Amino acid sequence: MSAGWYLRRLSAMGPQEVAGRVGDALRRRRWRSLTPPPGPAVAGARFTAVLPAGAIDAVPADAAKRLVAQADRLMDGHAEFFGVEREDMAAPDWWLDPKTGRRAPAGYAFAVPYRDEDAVGDIKQIWEPSRHQYLTVLAAAYAITGNERYAERAAAHLRSWWQANPPLEGVHWVSGIELGIRLLSWVWVRRLLEGWSGAAALFEDNPTALHQIWHHQRWLAAFPSRGSSANNHVIAEAAGQFAAACAFDWFPSSQRWRSDALRSLDRHLRANTFLSGLNRELATEYHGLVLELGLAAVAEADAAVVPVPATVRLVLLRMTDALAAVVDNRLRPPRQGDADDGHGLVLDGAGTDRWASLLATGGAVFGRLPWWPEVTAANARTPLLAALIRPYGNDGSVTRPASRPVHFPDAGMTVLRAGEEIWCRCDGGPHGFLSIAAHGHADALSVEVRHDGVEVLADPGTFCYHGQPEWRRYFRSTLGHNTMELHGRDQSVSGGPFLWTRHARTKVLVADTSDPTVARWCAEHDGYQPSVHRRRVELDYTRRELRITDEVIGQGGAVRLAFHLGPAITADLTGNRAVLTWTRGGEDRSAVLDLPGRLTWRAHRGETDPPLGWYSAGFGRKVPATTLVGTGFADGSQGFTTVLGFRG
């Protein structure tokens, strides 16, 4: 990174964080000059955190079929990571990026320039297989079928990885979140291989495995994410450390590591979560990641009979209720902020609905509320976690929402609905979490609109983190969202791919659903100081119509108003009217988008110089989609009104 980036990053830190990072740097330098210690001798280690009898039998047949099919594909050497198909997974090269063909360089871990794609390749492509979440799928396939070939393949890959990645050597020892998630995967691999004759020889009776497990925990204890970086990363670190110290409690430091990790997990779960239950990063995928990590950690605590503060379970309950409140009628949550397809624990095959799975687990652990959506899709993770986690909050001892919340004041999120068919998310919340808002987008006052689960006005997504700066800038930009750009600049000021140096401040003025015919929302932000952008949204239940009015208060200027259509939507734009058509379940659907006539409208699709008109369904993937952009001038005398009317 440039010298300017380091100065901007330093300015986002407080004195305590700076001191901690200086200590980390000194420790890294000291560790570089030393040979990694062998770790303590371990004798008589036994794995006791096994699944209760009947847990595997409780996996639904459909979920078991999907999981075994996924395991068979892995056995054939095939896997897909972030849109890139790998054919080498029978014997993977742990340092290879298949997208660029580059291999990460060897050497001391903290000297590897992992952000430099020219030197290393796409770091996400290299890291993802080494989270070993595909190994939990192989281990689960063994547990379900009893076929030892799955166990043997998982064991061979672990031995290969341990040999290729000795402590502090190479790119897999750089980032704490990777170590934390990897430990959690190892715990579940060992648990699911219980009953296989080679399980103990692979783990507790294997000096190499003990060496790796000890060094992972030593690393996490030495280098926690700090201060302005204490987001989902620190929760993954704490959850992995805690899980390993519970399940692999074979070392002299295990009790201390367990206690420290539990304190960190409790503290940071509360810090990362609004009281309403929504994640403070305001990035929905990370809400899912943190919830998965928290549930997995509680499962280890209950399996090891380790007391957990009530606040841990309470935060997870609130997160689950919040998720149930914001999903659409197809159980899909908002697409807000960054998303990198990260999971905390994978125990299912491809095609399993992540959000339905989380709601099913929440229902099993915390109890469904009457207003929750129905969840019918089967998954394997729910019965396995529920077999370990003791129920909480379903006995009336905890106050929970009596009806589905519409407005989350602390997070600034409002979800308007017309029946179950029309779903509209309005964003009036903070820019992001902590001083750098690493996973936030410049999306203040943006809206998402869905009709029967089909994205009509869509959030375009994330696509990438490292290596493609022009795409990273676009997908985080104001123009890359359904809101207004003023003066040709973003509402918030970016200082780097995970750094915002100035945050737009947003305030919700109205969130009212008391009128039986119309829901109303209004908010404003100060990102264009001295001007203020104010937006009003009205959802007319009877007319099935959404009215959006944008105003610029104060100094006017050049504006661009963008509406990003979902990938399933076809638009026929004539003047300032667009006829939108799509198909849902074999039926043709349509809507009319009447756009402000004071702006000049143009449809953009799949443009690259500069990027405009794209949709990213997942990390590393993007497809052309239509974006309607109106350009003109705001003089502060009148607003711009857009009306979206659904037909039929």
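Predicted model: local features only at pLDDT ≥ 70, side-chain atom pairs only at ≥ 80, totals over all residues.
**Exercise 1. Two hairpins in a row**

Which residue in the turn between β17 and β18 has a positive phi, and how many residues lie between the two strands?

Step 1. Find the turn between β17 and β18. These strands form a hairpin with two residues between them, and Gly 585 in that turn has a positive phi of about 60 degrees.

Step 2. Check how the two strands pair. β17 and β18 (residues 587-594) are antiparallel partners, with eight bridges between them. One place to look is Thr 583, which stands opposite Asp 588 in β18.

Step 3. Strands β16 and β17 (residues 577-584) run antiparallel and are joined by five bridges. Ala 571 has Leu 580 in β17 as its bridge partner.

Step 4. β16 and β17 make a hairpin with two residues between them, and Gly 575 in the turn has a positive phi of about 65 degrees.

**Exercise 2. Placing the hairpins in their sheet**

Write down the strand order of the open sheet of eight strands, and name its edge strands.

*Solution.* 

Step 1. Read across the sheet. The order is β11-β12-β13-β14-β25-β18-β17-β16, and the pairing is antiparallel.

Step 2. Go to the two ends. β11 (506-512) and β16 (570-574) are the edge strands, each pairing on one side only.

Step 3. Zoom in on one pair. Nine bridges connect β13 (residues 532-540) with β14 (residues 545-553) in the antiparallel sense. Here Arg 535 stands opposite Asp 550 in β14.

Step 4. As you follow a strand, remember a handy rule: in a regular strand, side chains alternate between the two faces of the sheet.

**Exercise 3. A sheet of four strands**

Describe the open sheet that contains β8, β15, β24 and β19.

*Solution.* 

Step 1. Its order is β8-β15-β24-β19, with antiparallel pairing.

Step 2. At the edges sit β8 (484-486) and β19 (600-605), each of which pairs on one side only.

Step 3. Neighbouring strands of this sheet are turned by 25 degrees against each other on average, direction ignored.

Step 4. Look at one pair. β19 and β24 (residues 626-634) share six bridges in the antiparallel sense, and Thr 600 has Thr 631 in β24 as its bridge partner.

**Exercise 4. Looking for cavities**

*Solution.* 

Step 1. Start with the count: there are five cavities of 30 Å³ or more.

Step 2. Take the largest cavity, which holds about 100 Å³ of space. Its lining residues include Leu 278, His 287, Val 326 and Met 413.

Step 3. Ask which elements contribute. Those giving two or more residues to this lining are α13 (284-303) and α14 (310-326).

Step 4. Sort the lining by class.

Step 5. Turn to the second largest cavity, with a volume of about 60 Å³. Among the residues lining the second largest cavity are Asp 427, His 431, Asp 443 and Thr 506. By class, this lining has four nonpolar, six polar and two charged residues.

Conventions. Residues numbered from 1 in each chain as written. Heavy atoms only, no water. Pairing = 2+ DSSP bridges. Axes fitted to C-alpha atoms, helices over the stretch in contact; angles between N-to-C directions. 1 Å grid on protein atoms, 1.4 Å probe; cavity = no way out; pocket = protein on both sides within 12 Å on 5 of 7 lines; lining within 4 Å. Points joined across faces, edges and corners; volume = space filled by probe spheres on them. Nonpolar A, V, L, I, M, F, W, Y, C, P; charged D, E, K, R; others polar.
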